[in-house]
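Work through the exercises below with the sequence and the model open. Each task is followed by a solution in steps.

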Amino acid sequence: MYRLNEYKNAIENTNIVSKTDINGIITFVNEEFCNLCGFSKEELIGQNHNIIRHPDTPKSAFEKLWNTILQGKVHKGIVKNKKKNGEAFYAQTTIIPIFDEDGSIFEFIAIRSDVTKLFTLNEELTKTKQELMILNENLEQVVAQKTNSLRILNENLEKKIEDAISQNNAQQKIIFQQNRQVILGQMLENIAHQWRQPLNELSLAIYLLHNEKKDKHYKLCQKLIQNMSQTINDFRNFINPNTPLQSCNLPKIIKQSLYISNQALKKASIKLFFNIDKNAYKTPIQCNFNELVQVLVNIINNAKDALLETNINKELRFEVFVKDKEQILRIIDNAGGIKSNIIEHIFDPYFTTKHKKQGVGLGLYICKQILNKINAEIFCSSENGRTCFEIIFKGD
């Protein structure tokens, strides 16, 4: 009997204990039960156990509980209950039927442990999972929206790039045409120089032919007219921008460039010097003949303008070297050189050291663009009062 009382005290002191009669009327509660639900013993004894039933607990759950214990079986489960102040608490509950000497149930003992914190954490975890699922769904929608926005932005950007390229190409054509017109003006000036002397001779020859009726003067007239006609053909070919790529050698291109610039170079008293590799005559390059002549004329005219500002013996040198599959052309003047803070910008568009009336700074920029199209590179160096433009034509 002593040990039984010890067991009873141990259970009551370590657990939440209540007893009811067969009808569910509370007959005993320990201090732990009162502390948990907030009622005093006086408020609980004699009351139906459903005084702590939570309204959220379905009626069917209690019906199942009573069916179990009335059959003399032990019921175990987590029950949601209600405190006196209305707060909910969860208890891991074991209800044990107690039998009398006749084997009939006369009371029930309920032993509980408070699992509110654990159950609350589980509810919070479940809630967090639901929130994460919603967040994940929203995130997928946001990602899809952002992806679609980026796709539209990319498409718009591609279109803007295409438009910019198209505008740039159109602008390049305009720039090339403007530069060609500048060169055309220089050509017309050269044509005037080229024709002035032949016209004087032609006028004299016709006068002599008229007075002396000598056949040799007539033949001279024919020759002069043929030369003038050839001059027009040469300049017309240069103006034509649609000349296809063709094989030609650098000495021929140099010759044509000097032919166009001949009168201006003579007028400036510029002496020409040549050092041309013999292999250059039999090693052609693929190019647009007229455009490459335009490149050389630009460089020659720049050298001529620079030399005009000096009082030295004006020199312009042309050197051609053949190395492996490459051909190297150098055009060198002795006009005093180019300052280091200028030389790095000379191929930039609209950069010029000349007066606005003499140019807009597009000549060397266009030269570089023309050479890029035929896989050629142009460089400029300056030392000891000499400026060297070096063009490298790369082989296949």
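**Exercise 1: strand pairing**

Leu-329 stands opposite Ile-391 in β12. This is a predicted model, in which local features need pLDDT of at least 70 and side-chain atom pairs count only at pLDDT 80 or more, while totals for chains, interfaces and linings use all residues. Residues are numbered from 1 along each chain as its sequence is written, and side-chain values use heavy atoms, with hydrogens and water left out.

Task: state which strands pair with β12, and in which sense.

Solution. Strands are DSSP runs of E with at least two residues, and helices are runs of H or I with at least four, both numbered from the N terminus. Two strands pair if DSSP finds at least two bridges between them.
- Step 1: β10 (residues 326-333) runs antiparallel to β12 (residues 386-393), and seven bridges join them. Ile-328 has Ile-392 as its bridge partner in β12.
- Step 2: β11 also pairs with β12 in the antiparallel sense, over eight bridges. Here Phe-379 has Glu-390 as its bridge partner in β12.
- Step 3: two residues lie between the strands in the hairpin of β11 and β12, where Asn-384 takes a positive phi near 55°.

**Exercise 2: cover and surface**

Task: decide whether β12 is mostly covered or uncovered, and classify Val-142.

Solution. Buried means under 20% relative accessible area, exposed over 50%, and partly exposed in between (1.4 Å probe, protein chains only).
- Step 1: seven of the eight residues of β12 are buried, leaving the strand mostly covered. In the protein chain, buried residues make up 34% of the 396 residues.
- Step 2: Val-142 lies in helix α5 (residues 116-212). Val-142 counts as partly exposed because its relative accessibility is 37%.
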